[in-house]
Amino acid sequence: MIDSNQVLADFQFIGNRVSNFKIETKDIKTNEAKAKVTYNFDYNVKEIEELEDKYVGYIEFITEIKAKIKNVILFKINLTMEGAFIGNNQKLTKENFLSMLELNGLTTLSQLSRAYVLSVTALSGITPPVKLPMINVFKLRQQKKEKEVNDNYN
């Protein structure tokens, strides 16, 4: 057996919370009509603090889900999952910590959001319960950076 202290990463998850959640459902007699579900994702780095021997970073992962049958909205879900992470500032630069926060932090929060949405939709009577798709965190990050550049340019 390998001692965990020998293999621990310099970037660690502290905890998470749901900072915003809203679900709206409508009673629609659908019979055989199939709902079209759309997903939108975003994120924000809330803060990075530099303490004596570590960085502490806070990030939020935002999920918006809509299901429609024809032009009628069947349900809407808005979820914001926040996470807190720490990094060893003796081994990581602030830029490396930010990168890990965006990549590893978002991956962690997307999986927690997937479990949360699956549970809540199952308990809310949505059949089948909503399963968030896997997302490419690299593309999400790249598109966010491009959008910020375009917003600053315009």
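This report describes selected strands, salt bridges and individual residues of the structure above.

The structure is a predicted model, in which local features need pLDDT of at least 70 and side-chain atom pairs count only at pLDDT 80 or more, while totals for chains, interfaces and linings use all residues. Residues are numbered from 1 along each chain as its sequence is written, and side-chain values use heavy atoms, with hydrogens and water left out.

**Strands**

Helices (H or I, at least four residues) and strands (E, at least two) are DSSP runs, numbered from the N terminus. Strands β2 and β3 run antiparallel and are joined by 14 bridges; two strands are said to pair if DSSP finds at least two bridges between them. Together, β2 and β3 make a hairpin, with three residues between them. Within this pairing, V37 has A67 of β3 as its bridge partner.

**Salt bridges**

How many salt bridges does a search of the whole structure find? The search finds eight, a salt bridge being a side-chain nitrogen of Lys or Arg within 4 Å of a carboxyl oxygen of Asp or Glu. Three of these pairs are listed below.

| Pair | N to O distance |
|---|---|
| K144 and D42 | 3.0 Å |
| E102 and K145 | 2.9 Å |
| K147 and D151 | 2.9 Å |

The salt bridge of K144 and D42 links distant parts of the chain, since K144 is in helix α2 and D42 is in strand β2 (residues 36-50), 102 residues apart. K144 is buried because its relative accessible area is 16%. D42, with a relative accessible area of 31%, is partly exposed.

The salt bridge between E102 and K145 also links distant parts of the chain: E102 is in helix α1 and K145 in helix α2, 43 residues apart. E102 has 3% relative accessibility and therefore counts as buried, whereas K145, at 35%, counts as partly exposed.

By contrast, K147 and D151 both lie in helix α2, four residues apart, which is about one turn of the helix. K147 counts as exposed, at 52% relative accessibility, and D151 counts as partly exposed, at 47%.

E82 is located in strand β4 (residues 72-88). Is E82 buried or exposed? E82 counts as buried because its relative accessibility is 18%. The side chains of E82 and S19 are joined by a polar contact of 3.3 Å. A polar contact is a pair of N or O atoms within 3.5 Å; within protein, one atom must be able to donate a hydrogen and the other to accept it, and residues adjacent in sequence count only if both atoms are side-chain atoms. Leaving aside neighbours within four places in sequence, E82 is in contact (heavy atoms within 4.5 Å) with residues including G15, R17, K46, I59 and L109.

**Backbone features in two loops**

K70 lies in the loop between β3 (54-69) and β4. The phi angle of K70 is near 60°, a positive value in a residue other than glycine. K70 counts as exposed, at 77% relative accessibility. P128 is found in the loop between α1 (94-123) and α2 (137-153). The peptide bond from T127 to P128 is cis, with omega near -5°.

Conventions. Buried means under 20% relative accessible area, exposed over 50%, partly exposed in between (1.4 Å probe, protein chains only).
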